[in-house]
Amino acid sequence: MTTVETMSTHGQLLGTVLAVQANFYRVQLDVDEKSLRVQGDKENFALLPHPPMVLCTRRTRLKKIGQQVMVGDRVVVDEPDWAGGRGAISHVLPRRSLLDRPAIANVDQILLAFAVTDPPLEPYQLSRFLVKAESTDVDVLLCLNKSDLITPQVQEEISDRLLGWGYKPLFISVQNGINIAELTNHLNNKITVIAGPSGVGKSSLINVLIPTVNLRVGEVSGKLARGRHTTRHTELFELPGGGLLADTPGFNQPDLDCSPEELIYYFPEARERLAEASCRFSDCLHRDEPDCVVQGDWERYEHYLEFLDQAIARQTQLHQQADPESTMKIKSKGKGKQQYEPKLESKKYRRVSRKTQLQELEQLYKESED
């Protein structure tokens with residue numbers, strides 16, 4: 001007897017959380033008519049949608065121990081109410097992976113979707129998304145949409161460039177159905193998170209992969225050449241061939257929350273160099289240290305240096321927050337740039353009010369009379 005069947009005999013079932021809304025969890029159950037052994041369940045099973053879905057709450061015990069329930073979690077549902085389509089989550093099974101943004105558990109891979117044009121492909125933005133994706137420790141699949149709008153020669157140039165970065169992109173066209181079947185093969189029987197900037201066709205791609213979803217599609221802003229955000233919350237959708245696909249809220253620049261020491265390992269071309277040789281210093285940041293094996297003429301080295309400055313600034317800011325007596329402060333400059341400046345001693349440099357000046361003069365006058 002399988003695990004699912006064993007648990008169902010005790011009024012418990014396994015399932016996957018597809019969406020979280022307020023304090024309710026939409027759970028897809030791992031159950032069919034053959035696996036139901038409790039008398040009466042088989043008849044009520046017909047009342048549920050297929051695949052079977054229940055709206056669940058979280059048991060008070062989980063709240064007391066601080067157990068969060070996330071999209072993608074494998075959970076145990078106690079004594080589901082088949083007629084009402086409801087249940088209660090009593091346990092959360094151990095997670096094999098966890099993403100913080102978006103907050104999804106048990107992800108197998110990230111499908112990073114960009115467009116080759118409209119909006120134009122920006123190497124710096126793409127590099128930033130790739131570094132963020134690499135930092136999650138899950139597989140990365142790079143997908144480039146709107147390939148029907150460029151010539152084969154331009155496509156080959158883009159492909160060669162990204163191969164130098166350590167990635168083999170999959171060129172697709174949602175509009176013309178190019179390579180959609182090949183993409184589907186990469187998604188089957190896996191939990192995949194689709195991410196990327198707004199306007200590249202993520203919602204349109206999901207609508208093609210899962211025709212029953214019918215997500216709202218936005219247009220690209222003509223003024224900014226950027227897409228309008230259409231996705232509002234994270235949700236898992238079942239793929240026709242098996243597997244789940246997570247649609248995530250769009251964002252233009254993902255946060256780089258790694259440490260300066262970790263950053264270099266999120267560049268495949270740099271990892272290759274470090275696998276062949278070692279730097280002179282074990283704490284080398286690969287910036288201007290002598291005998292560094294990473295420094296060189298690889299294309300994304302300038303991206304690395306800029307990301308490194310941001311990682312160092314972030315680390316400094318975290319240290320500041322941990323140490324209120326820090327003598328440095330962060331100050332915003334034009335175009336979103338930030339820099340650190342010394343804090344001024346507020347009492348020492350604060351301008352004395354006129355009232356205080358008059359009071360001090362009156363006190364001096366009284367003292368002189370005495």
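Predicted model: local features only at pLDDT ≥ 70, side-chain atom pairs only at ≥ 80, totals over all residues.
Let me begin with a contact between two side chains, those of Asp100 and Lys132, which meet in a salt bridge at 3.8 Å, N to O; by salt bridge I mean a side-chain nitrogen of Lys or Arg within 4 Å of a carboxyl oxygen of Asp or Glu. This pair links distant parts of the chain, since Asp100 sits in the loop between strand 6 and strand 7 while Lys132 belongs to helix 4, 32 residues apart. Helices (H or I, at least four residues) and strands (E, at least two) are DSSP runs, numbered from the N terminus.

Residues are numbered from 1 along each chain as its sequence is written, and side-chain values use heavy atoms, with hydrogens and water left out.

Lys132 has a further partner, Asp257, with the closest N and O atoms 3.3 Å apart. Asp257 lies in the loop between strand 15 (244–247) and helix 8 (260–263), and 125 residues separate this pair. Is Lys132 buried or exposed? Lys132 is buried, at a relative accessible area of 11%, while Asp257 is partly exposed, at 32%; buried means under 20% relative accessible area, exposed over 50%, and partly exposed in between, with a 1.4 Å probe and protein chains only.

Of the 14 residues that line the largest cavity, the closest to its centre are Arg101, Ile110, Lys132, Ala133 and Ala195. A cavity here is a set of points, on a 1 Å grid over the protein atoms alone, where a 1.4 Å probe fits but cannot get out, and lining residues have an atom within 4 Å of a point; the points are joined across faces, edges and corners, and the volume is the space filled by probe spheres set on them. Helix 4 gives the largest share of this lining, three residues.

Finally, for contrast, consider Arg280 and Asp291, whose salt bridge has its closest N and O atoms 3.4 Å apart. Both residues lie in the loop between helix 9 (268–276) and helix 10 (301–322), so the pair ties together parts that are eleven residues apart in sequence. Arg280 counts as exposed, at 54% relative accessibility, and Asp291 is exposed as well, at 52%.

How values were computed: 1 Å grid on protein atoms, 1.4 Å probe; cavity = no way out; pocket = protein on both sides within 12 Å on 5 of 7 lines; lining within 4 Å.
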